[in-house]
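Biologist: I am new to this structure. Could we go through it together?

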Amino acid sequence: MLIELKNKKDCTACGACYNICAQQCIRMSSDDEGFLYPEIDTDKCVQCGLCEQVCPVINGKNERFGDKPAAYIAWSNNSKFLEESTSGGVFASIAAMLLQKNGFVYGAAYNKDNVVEHIEISKLQDLKRLNRSKYVQSNTQKTYQSAALHLRNKEKVLYSGTPCQIYGLLSYLKLKRISTENLITMDVICHGTPSPKLLKEYIKWQEKDKKSNVTSIAMREKRHPRRYFSVPVTKVNFGDGKSSELAANMDYYGRFFLGEISSRPSCYSCSFKTIGRISDLTIGDCWFSRAITGRTDIPFDVTLCLAHTEKGKELLECAESGLTTVLVDLEKAVKCNGGMIYKSAIPDNRRAEFFKELGDTPLDELAEKYFPTEPKHESWGLHKIKELIKMLPVVYEKYYFSNKKKEFDNRCKRVIPPEAYVKKTI
Ligand SMILES: Cc1cc2nc3c(=O)[nH]c(=O)nc-3n(C[C@H](O)[C@H](O)[C@H](O)COP(=O)(O)OP(=O)(O)OC[C@H]3O[C@@H](n4cnc5c(N)ncnc54)[C@H](O)[C@@H]3O)c2cc1C
């Protein structure tokens, strides 16, 4: 049977069908919102049915109460990795270890046109391209095929991506009967993936505003990284040598991402977000490292890790990975992350209207319409004073932690529903 897409929310664009089709009659093409979907050339199709068999959405089974993972917080001992990563640099440390063993690493990178796609690297100097979260949907291209070739040759592979991409890869390898013995899979705690069209419009607006071409974007650059806190900013570099920096939640792109208005339809009912998963490791942010551990010697920028397999645990615990790890209580870890491990985001009810306007209305106008900067209940003066206080490192540190403690206690009062432990298998 030919794969048939009845509802857009049933396709994650993992690309498993595109990778498996031997006739090459599937291509991934963008819809009006800018998201990729498979398009089938029915004239070339031989009705082999592989595209339907490989789809992890169609074939995923809910396994009641999969094994509970071991929870850790971890950070890289390499200060450069820490600086160039989103949180604790766990991905960079493990990837570097694999590259030193002549392995191949797959992850999301900007291409020369600032479009995010999955690429393969085999050299340490290219690792910087993969580090850091790019909060946009990445195109997996034919990476499942190339990872499979390396695995067939008994070479080591690390594949990182969103949970749906890891399910797509594992489903592809299962159907191809390729051993996963030399494979490490690492998925992120995923908020949802915004549209590549939004990123394109953001770059267009930046270039017009700054009258120079965008050369690179870092969506979570660490400003003022210190031991106990850092301020995430979106940093854009331009061809004329200048750059712009804005707190991630104030930046136009960040406002749409965090405002739950720009993600793919499937992200709002993601079936791959469970506490137990089929990847080896799940990585995400940990905003309460000191509160979870009760220790005061833990740095701010750490990664929350869930090890689902023995391989995952070994990676975190072995000295070669260059990580410092602390085992933590799973329930506390899940609660403090705020639920994104197992819950889908709820879409803003203006989402359809927003996508109708995206592309026709300049991005600054859209941002001011949908997510105006100045909170209405606060005077401009008070808002500016608060902003100033946040920028004063010492004052901020005190202010931040008194608020964090209250937030943490509140989060821990919430209960994790039992269905969150149900694991999806293929
Ligand atoms: C779209 C997205 C949404 C996220 N939402 C949350 C969230 O709500 N809560 C939370 O706790 N953590 C979230 N994360 C994870 C978080 O941003 C960090 O990636 C995580 O804390 C690991 O940090 P790190 O320093 O160890 O590695 P990093 O330096 O962040 O390395 C990240 C890895 O993720 C891969 N990656 C980057 N961008 C993409 C992409 N667009 N698609 C697929 N793979 C990608 C890279 O290849 C790299 O392997 C999200 C990540 C992404 C990509």
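This is a predicted model: local features need pLDDT of at least 70, side-chain atom pairs count only at pLDDT 80 or more; totals for chains, interfaces and linings use all residues.

Biologist: Let us begin with the largest nonpolar core. Which of its residues touch the most other members?

Modeller: They are Cys 17, Ala 74, Leu 158 and Cys 305, out of 101 residues in that core. Helix 8, residues 163-175, gives the largest share, 7 residues.

Biologist: Now helix 12. Which of its residues are buried?

Modeller: Helix 12 spans residues 310-317, and its buried residues are Gly 312, Leu 315 and Leu 316. They sit on the same side of the helix, because they cover an arc of only 95° around the axis.

Biologist: What covers them?

Modeller: The cover includes helix 5 (90-100) and several strands, among them strand 4 (70-76), strand 8 (183-188) and strand 14 (323-328).

Biologist: What about helix 15: which residues are buried there?

Modeller: In helix 15, residues 363-370, these are Leu 363, Leu 366 and Ala 367. Their arc is 100° seen down the axis, so they line one face of the helix. In general, residues three or four places apart in an α-helix point the same way, because there are 3.6 residues a turn. Among the elements covering the buried residues of helix 15 are helix 9 (196-210), helix 10 and helix 14 (351-357).

Biologist: Which exposed residues are on the face turned away?

Modeller: Asp 364 and Glu 365 are the exposed residues carried there.

Biologist: Changing topic, which residues come nearest to the ligand?

Modeller: Ser 85, Thr 86, Gly 107, His 191 and Gly 284 do, of the 33 residues around the ligand. By class, this shell has 13 nonpolar, 17 polar and 3 charged residues. Helix 5, strand 5 (104-110), strand 7 (157-161) and strand 12 each supply at least two of the shell residues.

Biologist: Finally, the backbone. What is the phi of Gln 24?

Modeller: Gln 24 has a positive phi of about 55°, although it is not a glycine. Most residues other than glycine have a negative phi. Gln 24 lies in the loop between helix 1 (16-20) and strand 1 (26-30), and is exposed, with 9 other C-beta atoms within 10 Å.

Biologist: And Glu 260, where does that lie?

Modeller: Glu 260 is in the loop between helix 10 (252-258) and strand 12. Its phi is also positive, near 60°, and Glu 260 is partly exposed, with 19 other C-beta atoms within 10 Å.

Key
Residues are numbered from 1 along each chain as its sequence is written. A residue is buried if 20 or more other C-beta atoms lie within 10 Å of its own, exposed if 12 or fewer, and partly exposed in between; C-beta atoms are placed from the backbone. Helices (H or I, at least four residues) and strands (E, at least two) are DSSP runs, numbered from the N terminus. The arc is that of the directions from the helix axis to the C-beta atoms. Two residues are in contact if their C-beta atoms, placed from the backbone, lie within 7 Å. A residue is near a molecule or strand if its C-beta atom, placed from the backbone, lies within 6 Å of it. Ala, Val, Leu, Ile, Met, Phe, Trp, Tyr, Cys and Pro count as nonpolar, Asp, Glu, Lys and Arg as charged, and the others, Gly among them, as polar. A nonpolar core is a set of buried Ala, Val, Leu, Ile, Met, Phe, Trp, Tyr and Cys residues joined through C-beta atoms within 7 Å.
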